[in-house]
Amino acid sequence: MNYINVEHASLSFGEKVLFTDVNLLINKGDRIALIAKNGSGKTTFLKLMAGEISAEGEKANILVRKNLNIAYLKQEPNFHPDMTVIDTLMDSDVPEIRAIRDYEIALSDGNPDKINACVTRIEDLKAWDIEARVKEILFRLNIDMLDKQIKFLSGGQRRRIALAQILIKEPDVLILDEPTNHLDVEMIEWLEQYLASPNLTIFMVTHDRYFLERVCNVIIELDEGNFFHYRGNYSNFLEKRAERKENDSIRGEKVKKLFKKELDWVRRQPKARGTKAKSRIEQFEKIKAEKNSITREAVMKFHIVPERLGSKIVEFHNVSKAFDEKQIMRNFSYKFKKNERVGISGINGSGKSTFINLMTGSLAPDEGKIVIGETVKFGYYNQEGLKLDIDKRVIDIVRDIAEYIPLEKGLKLSAEQLLERFLFPRPQQQVFFSQLSGGERRRLYLLSILMSNPNFLILDEPTNDLDIVTLNILEDYLQEFPGCLVIISHDRYFMDKLTDHIFILEGQGKVQDFNGSYSEWKARKELSIEESRESSVSSDSSKVQTSKKHPAQLVKNEIKTIEKKLAKKEDKKKELTEELNSNLEDLDKLTKLSAEIGVIVQEIERLEVEWESWVEKLED
């Protein structure tokens, strides 16, 4: 069933063309992601889809199915500041949702008569299923301040309320602009499962690559003003895009040769040119633009040489920190070593930013001490971003930090060259800060941190609002960064790629140091839960059997139980091994599957030891 049909849509801002003559068809059940570089027009196209702006062009047309209910999640939700959370969430003309709202308010007031009246109305409307769905959404997104006014909430809380609001309404089409922003990892994993439902129709912008892999069935790339459609998830997109780029490189070699030929011709010409020469000049400019578009993606590879890092870096000695009754850290000790790659994980409010503030010395511990080495030079990228004069030009912002930075072999990189490598071409370097998109501002902020040439990088949610191209380039740079690296991020792909052990803030002051990636820790945790569940069932079964059967029979039952577990683990190992062998060219998937297989093998070895122990008892 066709829901939305976009035909021959174009849009530009001044001289900047965002997209030209693009077409898009959204059918029921499509889960489409739009990806592009920052500033390419992703959010603008979402506004077009939501009906907030109109397309340009004589043939432009957007056909929307009659009575189609569309909900749009904006990056900056616009709520009435004096409304309460519950009124905002349940702001709907749907009778069932209004009944649930009245019920929640009655529960909050504690009025028995109102509660009974609301219960009767919900039963009349058969709305208990909706009530259960609302409860789950509020619980999963950690929304419990129902009586609070919107004006007292943080930006992240407002985003979660906006997301909950549109999920509660269950529209025909969800238009989502960066839905994972301001969610912790557990929330994202739940949202992943929720949106992967085949009954939902989604059009979204996201840079979360695991999200793209597990939710989407269509990916559209906006590149140089054109749409490129890829059927399938993120893995399929990477494969098909690589094929397209390979074809571009073949074409690119021809373009480069033609460009050189035209360049030689232009340089030979006298200043006064006729009409025929003018057409050659125009042709040359088109070839030049095409050549630049082909090579632009690979311009950010370089190696900065940071200042020397001594043997003493950052040391935690029996550190404790609490805010009122909330314990963030208790008796935590750790010594950072050179070239560490550490991730910090935990639910929202668990104290991740507090951990960073303690590390950098901007917050004092309640107990214990933190030692920072004399050679440590922090580069701290925080969530607040740049606080700058909006009328300052991009190049001046960078020059105020440094005119150049040192490279390998005694070379230097000027501010202009560094900006080019961060995908700011010379003309854009003259643009005012106020004219940059959110993603471009983030990219500039990141550049300013690196320009200060730190040897200990701390990145607090660096992936927000960055496009996938920039993320790939940033990851390449960080993998070669010769100093210490600490990352807080809800982007699991980013964390897996860059960290080799993580601190998990588990609450009540406990900090777990896990030697491995986030996905490895998650796999270990899920296996542990599964084993605990199976152990509980086995234990309950044994208690029942103890009163009825001979001890030898109990031993035999334990052996059978272990053998069943072993068979399941072997089947799982075989399944993962087959999947691994079929994905030999996907490095990220290979890493994840290898980690999962490693955990399974350890479990098999443990069960085999347990099995041998019970067999020995039987033989005795």
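User: Which residue in strand 7 stands opposite isoleucine 32?

Analyst: Strands of a sheet pair through backbone hydrogen bonds, either parallel or antiparallel. In this predicted model, phenylalanine 203 of strand 7 is the residue opposite isoleucine 32. Strand 3 and strand 7 (residues 202-205) run parallel and are joined by three bridges.

User: What is the bridge partner of isoleucine 32 in strand 8?

Analyst: That partner is valine 218. Strand 8 also runs parallel to strand 3, with five bridges between them. Valine 218 and isoleucine 32 are 186 residues apart in sequence, yet their C-alpha atoms are 4.7 Å apart in space.

User: Is valine 218 buried or exposed, and which residues does valine 218 touch?

Analyst: Valine 218 has a relative accessible area of 7% and is therefore buried, the cut-off for that term being under 20%. Leaving aside residues up to four places away in sequence, valine 218 touches Arg31, Ile32, Ala33, Tyr230, Arg231 and Gly232.

User: How many residues of strand 3 are buried?

Analyst: Six of the six residues of strand 3 (residues 31-36) are buried, so this strand is largely enclosed by the rest of the structure. Arg31, Ala33 and Ile35 point one way, while Ile32, Leu34 and Ala36 point the other way.

User: At what angle do helix 3 and helix 4 pack?

Analyst: Two packed helices are described by the angle between their axes and the distance between the axes. For helix 3 (residues 95-109) and helix 4 (residues 112-125), the angle is about 160° and the axes are 9 Å apart. The two helices are therefore roughly antiparallel to each other, and the crossing is left-handed. Among the residues making the contact are Ala99, Ile100 and Tyr103 of helix 3 and Ile115, Cys118 and Ile122 of helix 4. By class, the contact has eleven nonpolar, no polar and five charged residues.

User: What is the strand order in the open sheet of six strands?

Analyst: The order is 14-17-18-12-19-20, and the pairing is mixed. Strand 14 (378-381) and strand 20 (510-514) are the edge strands, each pairing on one side only. From one strand to the next, the twist averages 15°. Strand 14 pairs with strand 17 (residues 456-460) in the parallel sense over four bridges, and tyrosine 380 has isoleucine 458 of strand 17 as its bridge partner.

User: Where does helix 15 lie?

Analyst: Helix 15 (residues 438-451) lies across strand 14 and strand 17, and runs at about 170° to strand 14.

Technical notes
Residues numbered from 1 in each chain as written. Predicted model: local features only at pLDDT ≥ 70, side-chain atom pairs only at ≥ 80, totals over all residues. Heavy atoms only, no water. Pairing = 2+ DSSP bridges. Axes fitted to C-alpha atoms, helices over the stretch in contact; angles between N-to-C directions. Contact = heavy atoms within 4.5 Å. Buried < 20%, exposed > 50% of the residue type's maximum accessible area, 1.4 Å probe, protein only. Parallel < 35°, antiparallel > 145°, perpendicular 65-115°, else oblique. Left-handed = near helix turned anticlockwise from the far one by under 90°. Nonpolar A, V, L, I, M, F, W, Y, C, P; charged D, E, K, R; others polar.
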